[in-house]
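The sequence and structure are shown first.

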Amino acid sequence: MSSLICGSIAYDTIMSFEGRFQDQILADQIHILNVAFLVPSMRREFGGCAGNIAYNHRLLGGDPVIMATVGGDAGPYYDQLAKYKITADHIREIPTAFTAQAMITTDRDNNQITAFHPGAMGESHLNIVADVLAHRQAKNLSQPKIAIVAPDGRQGMVEHCQQLADAHIPFIFDPGQGLPMFDGQELLGFIEQATYVAVNDYEGEMLSKRTGLTLPQISERVEALIVTKGAQGAEIHAKGQKYDIPVVPVNQAIDPTGCGDAFRGGLLFGLEQGFDWETTGRLASLMGSIKISSQGPQNHEPSQAEIQAQFKQAFAYSY
């Protein structure tokens, strides 16, 4: 049993500026801005929505199949995937491009300046869902039971939603930070094609505003609408019912980067396994809490037994 994960693979380069941006940027000189920041510490993390979702899905014991594009600099990322036995068969390399990269500088007040280079992500439309299905059939591998379309190149997201709908593979539409790329009619089209829609509360408001539909109206057009609300947990609207999903408390919240992707990894696994909505949501919530206790999107390494034990401790039953 496998899940197809369409989305970005990226490197996150995170730099720390020990001062304050506001002390370096003169408000009356913005029109001739020319600043440089000394960043004594720097780290590089494996990221991208597809990579992060697959990582968490794999921690749960799933079989994630990533469909994404990378550049000629993807060698370390291939090593990361191989370490966790995540197949790279459907990751297309564009040798003349860079892998998508986010370069983030954070000051002492946790303000951030980010530059994002999409690189090879812009070629994601070159990947075809039917090719994945044919390859796995030829290799006698399990066909994806479910899929997710996460933030990626614009054309790729459009085409992959259509291809999944044509192949009758149920999928989650997860627009994320890519939501502003689409107008109301395009978003309505995605909702009609998708089986599930997953957004955070801010994205939910934007989705509602652009489509002209309330969140309850959107939930009527899909099997479930999942809305994450950060420290307030999540809501799952399915078939006229609302399930309130609590957060799992943590001793220390270290880094929220990738928490939404960790949640989606749990969501995919629960749907793949046929869990009920409360269990699926709680497992997703637990994965987000496990991630937030660790620096970076792919550095938490709980075993399946540890995840199961934490779930039972948090919710008083086993999944």
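Leaving aside its neighbours within four places in sequence, Arg-264 is in contact with Ile-53, Ile-148, Asp-174, Ala-198, Val-199, Asn-200 and Thr-228. The model is predicted. Arg-264 belongs to helix 9, which spans residues 259-273. Because its relative accessibility is 5% and buried means under 20%, Arg-264 counts as buried.

| Partner of the Arg-264 side chain | Partner group | Distance |
|---|---|---|
| Asp-174 | side chain | 3.0 Å |

Helix 9 lies across strand 1, strand 8, strand 9 (171-173), strand 10 (196-200), strand 11 (224-228) and strand 12 (234-238). The helix runs at about 155° to strand 8.

These strands belong to an open sheet of 9 strands with mixed pairing, in the order 5-4-1-8-9-10-11-12-13. Its edges are strand 5 (91-94) and strand 13 (241-245), each of which pairs on one side only. On average, and with direction ignored, neighbouring strands of the sheet are turned by 15° against each other.

Within the sheet, strand 1 (residues 2-6) pairs with strand 4 (residues 64-71) in the parallel sense over 4 bridges. Ile-5 stands opposite Ile-66 in strand 4. Helix 4 (residues 129-138) lies across strand 1, strand 4 and strand 8 (144-149), and its direction is at about 125° to strand 4.

Terms used:
Residues numbered from 1 in each chain as written. Predicted model: local features only at pLDDT ≥ 70, side-chain atom pairs only at ≥ 80, totals over all residues. Heavy atoms only, no water. Helix = DSSP H or I, 4+ residues; strand = E, 2+ residues; numbered from the N terminus. Buried < 20%, exposed > 50% of the residue type's maximum accessible area, 1.4 Å probe, protein only. Polar contact = N/O pair within 3.5 Å; in protein donor to acceptor, adjacent residues only side chain to side chain. Contact = heavy atoms within 4.5 Å. Pairing = 2+ DSSP bridges. Axes fitted to C-alpha atoms, helices over the stretch in contact; angles between N-to-C directions.
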